[in-house]
Amino acid sequence: MTTPFNIPVACPDLSGNEEKYVTEAVRSSWISSQGPFLERFEAEFAQACESKHAIAVANGTVALHLALLALDVRPGDEVIVPALTYVATANAVAYMGAEPVFVDIDPATWCLDPRLIEPMLSPRTKGIIAVHLYGHPADMDAINEIATIHGLWVIEDAAEAHFARYKGRSVGSMARIGTFSFYGNKIVTSGEGGAITCSDAALATRMRILRGQGQDPRRRYWFPIIGHNFRLTNVAAALLCAQLEHADSMMASRRRRAAQYAARLHDFVDMQPVAEWASAVPWTFCIASDRVAAIKKALTTNGVETRPFFVPLPAMPPYRLCRTSTCPVAGPLERRGLCLPMFSGLTEAQVDSVCDVVIQAAP
Ligand SMILES: *Cc1c(COP(=O)(O)O)cnc(C)c1O
């Protein structure tokens, strides 16, 4: 490993059949964007996310882009996006020539605050992208209700929240379209990769066509629409099939480590609240403190890698002119926030040593 840290902030868990299946894919010569692992992964992921269809794509950003293409977003349209999320959520909207409109997060979940959406709607608003931030599901019933009243579509950006649940339902199954990322630091990974979940057959077919250059499924080299190459490879899908086999144990281990962090740190720092209706998955372990600079410095000195919070997107140069709610929650949170190491191979002793350093630096 090239990291100078003794404890990295994230690390993929490839301890299952990952190597075996990748070798199988290579030996079979199915290394491109067709093959048995792709078919198996799409079927298993759809089932795991309680959706009728799953569509594997090259990464989580193109999953969002493909969803917006399928929903026929047009230049000048507006899409509600939480102020605190990874930049890809807003970039996908910008790729369409549409405009993200930013809404602050709810202090109770750190996800899009449903109470702040309505004042930001305009005649140009076409939809809402809810983000399940840092593994905690957004309040989907409240968001869907607003969408229904105003005739808007909803996309769930579940890139950071594989297998999280909301009132017993899987993320990715509660809106028109769900999107996932399998980037190297995500909960399930193929290095780069992504998927879409959807239970509307016509929409799923449209997304498959758009993923493959717009080719007519019944006539080879006939392209009735302009599509893209957003495909994933069978080699990446081999990794994903292996990841799904041990996802339950990876998740259980993340949950144990999160519980350990929470038990030791709750008197010393703020943590992402968990709503009573949420079954969150710890993607990364987030803390917030006025002493964040001292904590970060002490951790770095002790060989513990950390990650800052996302910076609220209305501050980014390309988005400065976009409409935004005031962000009294996202703004201060970003300045006080820090992500601690979280991955399934993290040991109990490692979490203890990280907590020792945090407690020392945040008395
Ligand atoms: C990681 C992430 C994405 C983008 O996924 P990539 O696979 O890196 O393209 C989109 N949205 C959120 C919230 C993310 O965390």
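Predicted model: local features only at pLDDT ≥ 70, side-chain atom pairs only at ≥ 80, totals over all residues.
1. Start with a term. Two strands pair if DSSP finds at least two bridges between them. Strand β6 (residues 165-166) and strand β11 are joined by 2 bridges. The two strands run antiparallel.

2. As background, strands of a sheet pair through backbone hydrogen bonds, either parallel or antiparallel.

3. A second open sheet has 4 strands. Read across, the order is β10-β12-β14-β13, again with antiparallel pairing. Which strands stand at the edges? They are β10 (270-271) and β13 (307-308). Each has a single partner strand, so one side of each lacks a neighbour in the sheet.

4. Look inside that sheet at β12 and β14. Strand β12 (residues 285-288) is joined to strand β14 (residues 337-340) by 4 bridges. The two run antiparallel. C286 stands opposite C339 in β14.

5. Next, the helices at this sheet. Helix α8 (residues 247-265) packs on the sheet and touches β10, β12 and β14. The direction of α8 makes about 20° with that of β12. Helix α9 (residues 292-301) lies across β12 and β14. Relative to β14, α9 runs at about 25°.

6. Turn to the ligand. How many residues surround the ligand? There are 14, and the closest are G60, T61, E160, S181 and K186. By class, the shell divides into 4 nonpolar, 7 polar and 3 charged residues.

7. A polar side-chain atom of E160 lies 2.5 Å from an oxygen atom of the ligand. For G60, a polar backbone atom is 2.8 Å from a ligand oxygen. For N59, an N or O atom of the side chain is 3.4 Å from an oxygen atom of the ligand.

8. Two elements give two or more residues to the shell around the ligand: α3 (60-70) and α4 (88-95).

Technical notes: Residues numbered from 1 in each chain as written. Heavy atoms only, no water. Contact = heavy atoms within 4.5 Å. Axes fitted to C-alpha atoms, helices over the stretch in contact; angles between N-to-C directions. Near = heavy atom within 4 Å. Polar contact = N/O pair within 3.5 Å; in protein donor to acceptor, adjacent residues only side chain to side chain. Nonpolar A, V, L, I, M, F, W, Y, C, P; charged D, E, K, R; others polar.
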